[in-house]
Amino acid sequence: MNPAPAALTPVGVFGGTFDPVHYGHLRSALELVEHLGLQQLRLMPCAVPPHRELPACAAAHRAAMLELAVAGEPSLACDSRELRREGVSYTIDSLVELREELGEGHSLSLVMGCDAVQALATWHRWQELLDWSHVVVIARPGWQFPLTGPVADWLHRYRLADASELRRRPNGGILVEELRPLAISSTEIRRLLAEGRSPRYLLPQAVLDYIEAHNLYH
Ligand code: ATP
């Protein structure tokens with residue numbers, strides 16, 4: 001079998017606050033690289049989230065922790081573009097920039113969790129996301145997709161049958177991927193740290209060392 005042309009080897013971008021990054025994010029990212037045959041998955045920390053309170057920790061620290069977490073894993077990278085933009089970090093703006101950098105024909109996938117899908121109708125220009133990329137949704141146990149309304153219709157209308165379709169065109173489809181469930185959240189890690197308990201083994205040691213060195217989340 002001939003290898004897929006580079007332009008159709010999909011690149012992924014996984015947005016989140018990563019406050020801090022943990023093994024739930026990292027294991028999901030690596031499984032997506034393997035399941036989807038991604039050339040690379042970029043974890044993109046949101047500088048100023050539009051839909052939630054400001055993160056506990058400054059964007060520069062969150063990006064630095066991500067850099068430490070993906071060091072040595074060439075299929076994962078930290079994409080800090082939202083830290084370089086002024087104002088609220090809208091995902092659509094990042095997709096437009098990525099599309100410009102990759103070129104029109106390159107397959108691009110935006111990764112989001114079910115929680116993001118639940119809130120999607122509140123996202124800035126959410127109906128335009130598929131004009132710039134595919135969307136890959138991580139299915140997590142206990143989460144349900146909207147059953148009625150515009151997001152439910154959107155999921156139904158653009159749903160792809162399998163991952164091979166991500167390579168056939170650069171954007172426009174929705175794929176739902178079931179990954180290994182890991183019940184880890186940044187909220188829980190922040191709570192453990194605030195209570196003076198250890199979050200060890202829920203996140204990379206290098207990230208925990210960084211948290212301790214900078215006295216974060218206490
Ligand atoms: P918080 O607890 O602060 O809300 P979080 O752990 O959910 O944080 P985020 O940075 O908000 O982490 O998540 C970024 C993305 O990663 C979201 O789309 C979320 O659904 C997904 N995600 C978070 N935790 C996991 C996990 N354990 N497994 C798979 N996906 C996850």
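**Terms and their grounds**

Visitor: Why does Val13 count as buried?

Guide: Val13 has a relative accessibility of 1% and therefore counts as buried, since buried means under 20% relative accessible area, exposed over 50% and partly exposed in between, with a 1.4 Å probe and protein chains only. The model is predicted, so local features need pLDDT of at least 70 and side-chain atom pairs count only at pLDDT 80 or more, while totals for chains, interfaces and linings use all residues. Residues are numbered from 1 along each chain as its sequence is written, and side-chain values use heavy atoms, with hydrogens and water left out.

Visitor: Which residues is Val13 in contact with, leaving aside its neighbours within four places in sequence?

Guide: Contact means heavy atoms within 4.5 Å. On that criterion the partners of Val13 include Leu41, Arg42, Met44, Leu95, Leu98 and Val111. Val13 and Leu43 are 30 residues apart in sequence, yet 5.9 Å apart in space, C-alpha to C-alpha.

Visitor: In which strand is Val13 found, and what is its bridge partner in strand 2?

Guide: Val13 is found in strand 1, and its bridge partner in strand 2 is Arg42. Strands (E, at least two residues) and helices (H or I, at least four) are DSSP runs, numbered from the N terminus. Two strands pair if DSSP finds at least two bridges between them. Strand 1 (residues 11–16) and strand 2 (residues 40–45) are joined by six bridges and run parallel.

Visitor: What makes strand 3 and strand 6 edge strands?

Guide: The open sheet has six strands in the order 3-2-1-4-5-6, with parallel pairing. Strand 3 (76–78) and strand 6 each have a single partner strand, so one side of each is left without a neighbour in the sheet. Neighbouring strands of this sheet are turned by 25° against each other on average, direction ignored; axes are lines fitted to C-alpha atoms, for helices over the stretch in contact, and angles run from 0 to 180 degrees between N-to-C directions.

Visitor: What is known of the pairing and burial of strand 5?

Guide: Strand 5 (residues 134–139) pairs in the parallel sense over five bridges with strand 4 (residues 108–113), and likewise over five bridges with strand 6 (residues 174–178). From strand 5 the chain crosses through helix 6 (residues 150–158) to strand 6, and this β-α-β crossover is right-handed: with the strands pointing away from the viewer, the path from the first strand over the helix to the second runs clockwise. Six of the six residues of strand 5 are buried. His134, Val136 and Ile138 cover one side, and Val135, Val137 and Ala139 the other.

Visitor: What places the buried residues of helix 3 on the same side?

Guide: Thr91, Ile92, Ser94, Leu95, Leu98 and Arg99 are buried in helix 3. They cover an arc of only 155° around the axis, which puts them on the same side of helix 3; the arc is that of the directions from the helix axis to the C-beta atoms. The face turned away from the buried side carries the exposed residues Glu100 and Glu101.
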